[in-house]
Amino acid sequence: MSTDHIRYDTLIETALREVVHQAMAKVVQNGLPGDHHFYISFLTRFPNVEIPDYLREKYPDEMTIVLQHQFFGLTVNDVGFSVMLSFNNVRERLVVPFAAITTFADPSVNFALQFQNIPSAAAPGEDETDPSPDGTSADGGVEKRGEVISLDKFRKK
């Protein structure tokens with residue numbers, strides 16, 4: 001098999017992240033229609049993620065937020081979004097690049113996207129070596145792949 005010099009995997013990831021971008025841009029313009037709501041998981045240590053230190057301590061690797069009833073000041077640009085959410089009755093601003101998102105779901109319509117962690121997008125200090133075909137990294141450790149989550153617990157019964 002020949003080497004994929006075009007990198008179809010990254011092209012697909014980029015296209016799917018654009019779906020997230022466009023969906024969120026529609027919410028900025030029109031609000032959340034009907035029963036739509038978003039579950040967004042993202043890497044808290046990814047470059048340019050801005051969250052309060054106490055949240056980064058509580059969620060050192062990944063955090064999931066819900067945009068449904070109480071979110072404020074949602075803005076979207078070409079690289080990501082920012083939003084104000086309430087944590088213990090204190091509004092906090094979060095800034096999340098689209099590249100930091102690991103999962104985007106809208107349970108109201110059974111829609112979900114899960115993104116792979118592409119090594120070139122690793123946060124500073126993380127191992128950025130490409131894994132070998134057998135799933136081990138260059139240092140011999142086992143590469144951690146994304147986990148599949150069930151949306152059943154988020155669905156209305």
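Here is a chat about the helix, the sheet and a few side chains of this predicted model.

User: Hi! Is this a predicted or an experimental structure, and which strands make up the open sheet of three?

Analyst: Hi! This is a predicted model. The open sheet has three strands in the order β3-β4-β5, with antiparallel pairing.

User: Which ones are the edge strands?

Analyst: Those are β3, residues 71-76, and β5, residues 90-97; each pairs on one side only. Neighbouring strands in this sheet are turned by 15° against each other on average, ignoring direction.

User: What holds strands of a sheet together in general?

Analyst: They pair through backbone hydrogen bonds, either parallel or antiparallel.

User: How many bridges join β3 to β4?

Analyst: Four bridges join β3 to β4, which covers residues 80-87, and the two run antiparallel.

User: Which residues of α1 are buried?

Analyst: Glu13, Arg17, Val20, His21, Met24 and Val27 are buried.

User: And what do those buried residues pack against?

Analyst: They pack against β1, β2 (62-67), β3, β4, β6 (101-106) and β7 (111-114).

User: Why might residues three or four places apart in a helix point the same way?

Analyst: An α-helix has 3.6 residues a turn, so residues with that spacing point the same way. Here is a case from α1: arginine 17 and glutamate 13 are four residues apart, so they are separated by about one helical turn. Arginine 17 forms a salt bridge with glutamate 13, with the closest N and O atoms 3.4 Å apart.

User: Are those two buried or exposed?

Analyst: Both arginine 17 and glutamate 13 are buried.

User: How many salt bridges does a search of the whole structure find?

Analyst: The search finds three. Another one of them links arginine 7 and aspartate 9, whose closest N and O atoms are 2.8 Å apart. Arginine 7 is partly exposed, at 35% relative accessible area, and aspartate 9 is also counted as partly exposed, at 39%.

User: What about glutamate 50, which residue does it form a salt bridge with?

Analyst: Glutamate 50 forms a salt bridge with arginine 93, and the closest N and O atoms are 3.6 Å apart. Glutamate 50 sits in the loop between β1 and α2 while arginine 93 is in strand β5, so the pair ties together parts that are 43 residues apart in sequence. Glutamate 50 counts as partly exposed at 43% relative accessibility, and arginine 93 does too, at 46%.

User: Last topic: where is threonine 44?

Analyst: Threonine 44 is in the loop between β1 (38-43) and α2 (53-58).

User: Buried or exposed?

Analyst: Threonine 44 is buried, with a relative accessible area of 0%. Leaving out residues up to four places away in sequence, threonine 44 touches Val49, Ile51, Arg56, Tyr59, Pro60, Asp61, Glu62 and Met63.

User: Which backbone oxygen does the side chain of threonine 44 reach?

Analyst: That side chain reaches the backbone oxygen of proline 60, at 3.1 Å.

Notes:
Residues are numbered from 1 along each chain as its sequence is written. This is a predicted model: local features need pLDDT of at least 70, side-chain atom pairs count only at pLDDT 80 or more; totals for chains, interfaces and linings use all residues. Side-chain values use heavy atoms; hydrogens and water are left out. Two strands pair if DSSP finds at least two bridges between them. Axes are lines fitted to C-alpha atoms, for helices over the stretch in contact, and angles run from 0 to 180 degrees between N-to-C directions. Buried means under 20% relative accessible area, exposed over 50%, partly exposed in between (1.4 Å probe, protein chains only). A polar contact is a pair of N or O atoms within 3.5 Å; within protein, one must be able to donate a hydrogen and the other to accept it, and residues adjacent in sequence count only if both atoms are side-chain atoms. Contact means heavy atoms within 4.5 Å. A salt bridge is a side-chain nitrogen of Lys or Arg within 4 Å of a carboxyl oxygen of Asp or Glu.
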